[in-house]
Amino acid sequence: MKIIMFSVREDEKPAVKAWEERNGVEITTIAEPLTTETVNLVKGYTGICLQQRVDIVDEEIYRRLSGFGIKQIALRTAGYDIIDLPLAKKYDLKVTNVPAYSPTSVAELVVMQALRLIRNNPIVEDQMAQGDFRWGGMIAKEINTLTVGIIGAGKIGGTTARLFKALGASVIAYDPIVKDELKDVLTYEPNQQSVLEKSDIVSIHVPLNESTNQLINSEAFTQMKPDAYLINAARGPIVDNSALIVALEQNEIAGAALDTLPNEQAFFNVDLRNQPLPDENLNALMKMNNVVITPHIGFYTTVAVQNMVDSSLGSVLSILKTGVSVNEVQ
Ligand code: NAD
């Protein structure tokens with residue numbers, strides 16, 4: 001058995017090596033994604049593992065994989081929209097994902113940003129960078145006095161709720177699916193509006209789909225308290241960022257932390273030093289000292305990367321040995 005992994009980053013290599021040694025399976029890693037140019041590299045391998053932004057839309061790629069005897073495509077990500085599932089099915093390629101590599105990784109980022117916002121830390125840091133060490137007007141709030149509202153209490157939202165609860169916050173949530181195991185941690189509200197109206201910190205954890213695109217829009221901002229903060233570590237288009245900028249400018253809310261933005265492929269994980277920012281909204285948000293932006297690093301911890309590698313390679317092994325995997329997406 002020999003596995004080829006595409007788009008492998010340096011930080012994944014130790015996890016890959018450890019898995020290779022534990023399982024006695026030969027693995028080749030390459031930095032490039034799977035495309036029509038690289039697909040011939042798969043010849044001679046029994047399994048493949050991918051993680052890439054480039055969509056695999058060309059039927060020729062699926063046809064050649066099948067021709068090389070490949071039976072599966074293991075993704076090291078939760079999302080699987082880069083794959084054309086009907087084409088994968090047509091060529092008998094089973095597709096697997098990693099549904100939960102580390103909810104704690106994203107949840108801890110959210111807690112960190114919430115604490116930074118309520119301590120006015122971005123404003124304090126901004127002033128100090130200019131040599132102003134005064135703290136008048138910077139009086140902060142303690143998390144144990146606040147209500148945190150979770151929109152979407154799934155794997156990450158539920159974990160985030162547990163962390164905030166452990167810090168003494170009151171936690172409320174809206175999710176159409178009520179989970180008994182979260183009832184000791186949070187109180188379910190009947191709808192999104194009541195979460196927005198009651199919360200001092202609103203954290204978004206819904207998936208991006210047609211019904212959640214721009215879920216947090218100008219109407220939602222009018223429902224939030226003027227001293228409340230918004231955190232989005234889910235997907236950029238869930239928040240209408242033009243409306244967010246207006247809400248921040250008109251003091252409808254106190255600030256925001258964003259780990260994800262619409263069109264982020266154009267700038268996140270890209271070195272733009274000494275270059276103009278390619279997005280008007282990003283430019284406006286970067287100038288606001290009550291907004292903290294991180295370049296989609298919620299998932300990026302040693303534990304999460306290790307889990308992405310272990311789980312995806314485990315799925316390759318499972319499909320090759322038994323024909324099935326619990327992580328199949330079709
Ligand atoms: P999940 O499927 O476990 O949970 C999502 C929850 O949202 C579900 O319980 C669902 O019932 C609920 N939901 C759906 N529509 C809703 C609505 N309109 N209102 C309220 N609740 C709604 O997903 P997850 O693994 O917890 O991921 C949550 C989000 O985090 C996703 O958007 C995902 O893409 C994102 N994510 C971000 C990072 C990062 O690095 N920042 C990493 C992984 C995942």
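Modeller: A definition before we start: a cavity is a set of points where a 1.4 Å probe fits but cannot get out, and its lining residues have an atom within 4 Å of a point. Bear in mind that this is a predicted model.

Biologist: Okay, how many cavities of 30 Å³ or more are there, and how much space lies in the largest cavity?

Modeller: With 30 Å³ as the cut-off, the count is 1 cavity. As for the space in the largest cavity, that comes to about 40 Å³.

Biologist: Which elements each supply at least two residues of that cavity's lining?

Modeller: Start with the residues themselves: the largest cavity is lined by L109, Q113, I231, N232, A233, A257, L258, D259, V292 and T294. Sorted by class, that lining has 6 nonpolar, 3 polar and 1 charged residues. The elements that each supply at least two of the lining residues are α4 (103-118), β10 (229-232) and β11 (255-258).

Biologist: α4 also packs on α6, so how are the two oriented: parallel, perpendicular or oblique?

Modeller: The axes of α4 and α6 (residues 155-166) are 8 Å apart, at an angle of about 50°. Angles under 35 degrees would count as roughly parallel and 65 to 115 as roughly perpendicular, so α4 is oblique to α6.

Biologist: Next pair: which hand is the crossing of α1 and α11?

Modeller: The axes of α1 (residues 13-23) and α11 (residues 302-322) come within 9 Å and cross at roughly 40°. That angle makes α1 oblique to α11. The hand of their crossing is right-handed.

Biologist: Which residues of α11 make that contact?

Modeller: From α1, the contact uses A15, V16, W19, R22 and N23. Counting both helices, the residues divide into 6 nonpolar, 3 polar and 2 charged. The α11 residues are Q306, V309, D310, L313, G314 and L317.

Terms used. Residues numbered from 1 in each chain as written. Predicted model: local features only at pLDDT ≥ 70, side-chain atom pairs only at ≥ 80, totals over all residues. Heavy atoms only, no water. 1 Å grid on protein atoms, 1.4 Å probe; cavity = no way out; pocket = protein on both sides within 12 Å on 5 of 7 lines; lining within 4 Å. Points joined across faces, edges and corners; volume = space filled by probe spheres on them. Helix = DSSP H or I, 4+ residues; strand = E, 2+ residues; numbered from the N terminus. Nonpolar A, V, L, I, M, F, W, Y, C, P; charged D, E, K, R; others polar. Axes fitted to C-alpha atoms, helices over the stretch in contact; angles between N-to-C directions. Parallel < 35°, antiparallel > 145°, perpendicular 65-115°, else oblique. Left-handed = near helix turned anticlockwise from the far one by under 90°. Contact = heavy atoms within 4.5 Å.
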